[in-house]
Amino acid sequence: MSVLDIYVLGAPILRQETRPVEVVTDEIRRLIDDMFATMYAAKGIGLAAPQVGRSERLTVIDVGDDRQLVLINPEIVLAEGKQRAEEGCLSIPDIYGEVERAARVVVRALDRDGKPFELEGTELLARCIQHEVDHLHGRLFIDYLSVVKRRAALAKWEKLRKGEKSHTRKVVPAEVAEHHHRDEEL
Ligand code: ZN
């Protein structure tokens, strides 16, 4: 298993539509394993393929409930209620913003063996599913912020970047752990 570089805001792939996975091959399963390794190293709770530079429609999630969730070609078939909470993203490190999401979702997807299943999520899991499915359609959490808040977030991002032009970042687990606290990055 390898820890992959994470693509950050500004990388075109984060804004592109993904391609549905036709067949779940061993190569796809290797990608899934690498994505889990990367997500854990970065102390995230969810990671979508475009965040590691891939265009397959798949995401991995572990919100700390002892489940390693793999969602291939996920489709949200039910969304109800509302919740608001602060959200972050492994592709926009250190930037947070309050986002309104559905309180409960049901998602239909394929698992790592290509078998269809349905999953219900509430609270953090519901938020995470919506955030990751958004990634698979080129959407980022900052898109939901008000114009003023988005402008502030982008200004902070530019400042943190200090002119850095690279569209990827290496995951350095210790460094990330240090400033990681209550906020979850997805
Ligand atoms: Zn994200």
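Is Glu98 buried, exposed or partly exposed? Glu98 counts as partly exposed, because its relative accessibility is 45% (buried means under 20% relative accessible area, exposed over 50%, and partly exposed in between, with a 1.4 Å probe and protein chains only).

## Basis of the model

This is a predicted model, in which local features need pLDDT of at least 70 and side-chain atom pairs count only at pLDDT 80 or more, while totals for chains, interfaces and linings use all residues. Residues are numbered from 1 along each chain as its sequence is written, and side-chain values use heavy atoms, with hydrogens and water left out.

Glu98 belongs to strand β6, residues 97–101 (strands are DSSP runs of E with at least two residues, helices are runs of H or I with at least four, and numbering starts from the N terminus). Leaving aside residues up to four places away in sequence, Glu98 touches Arg84, Ala85, Glu86 and Leu145, where contact means heavy atoms within 4.5 Å. With Arg84, the side chain of Glu98 forms a polar contact of 3.0 Å to the Arg84 side chain (a pair of N or O atoms within 3.5 Å; within protein, one must be able to donate a hydrogen and the other to accept it, and residues adjacent in sequence count only if both atoms are side-chain atoms). Thr38 is 60 residues from Glu98 in sequence, and the C-alpha atoms of the two are 25 Å apart.

Arg169 is located in strand β9, residues 168–169. Arg169 counts as buried because its relative accessibility is 15%. Its side chain reaches the backbone oxygen of Leu90 at 2.9 Å.

## The open sheet

An open sheet is formed by 5 strands in the order β2-β3-β4-β7-β8, with antiparallel pairing (two strands pair if DSSP finds at least two bridges between them). The edges are β2 (46–48) and β8 (116–122); each has a single partner strand, so one side of each is left without a neighbour in the sheet. From one strand to the next, the twist averages 40 degrees (axes are lines fitted to C-alpha atoms, for helices over the stretch in contact, and angles run from 0 to 180 degrees between N-to-C directions).

Within the sheet, β3 (residues 58–61) and β4 (residues 69–80) pair in the antiparallel sense over 4 bridges. Leu58 stands opposite Ile72 in β4. The antiparallel pairing of β4 and β7 has 6 bridges, and here Ile72 stands opposite Leu110 in β7.

## Helices on the sheet

Helix α2 (residues 123–135) lies across β2, β3, β4, β7 (104–110) and β8, and runs at about 125 degrees to β8. The 13 residues of α2 should span 18 Å at 1.5 Å a residue, which agrees with the 19 Å between its end C-alpha atoms; the expected span is 1.5 Å times one less than the number of residues.

Because 11 of the 13 residues of α2 are buried, this helix is largely enclosed by the rest of the structure. Among the buried residues of α2 are Leu125, Ile129 and Val133.

## Cysteines

A search of the whole structure finds 0 disulfides (a disulfide is a pair of cysteine sulfur atoms within 2.5 Å). Cys128 is in no disulfide, and the nearest cysteine sulfur, that of Cys89, is 10 Å away. Cys89 is buried, with a relative accessible area of 0%, and Cys128 is buried with a relative accessible area of 0%.
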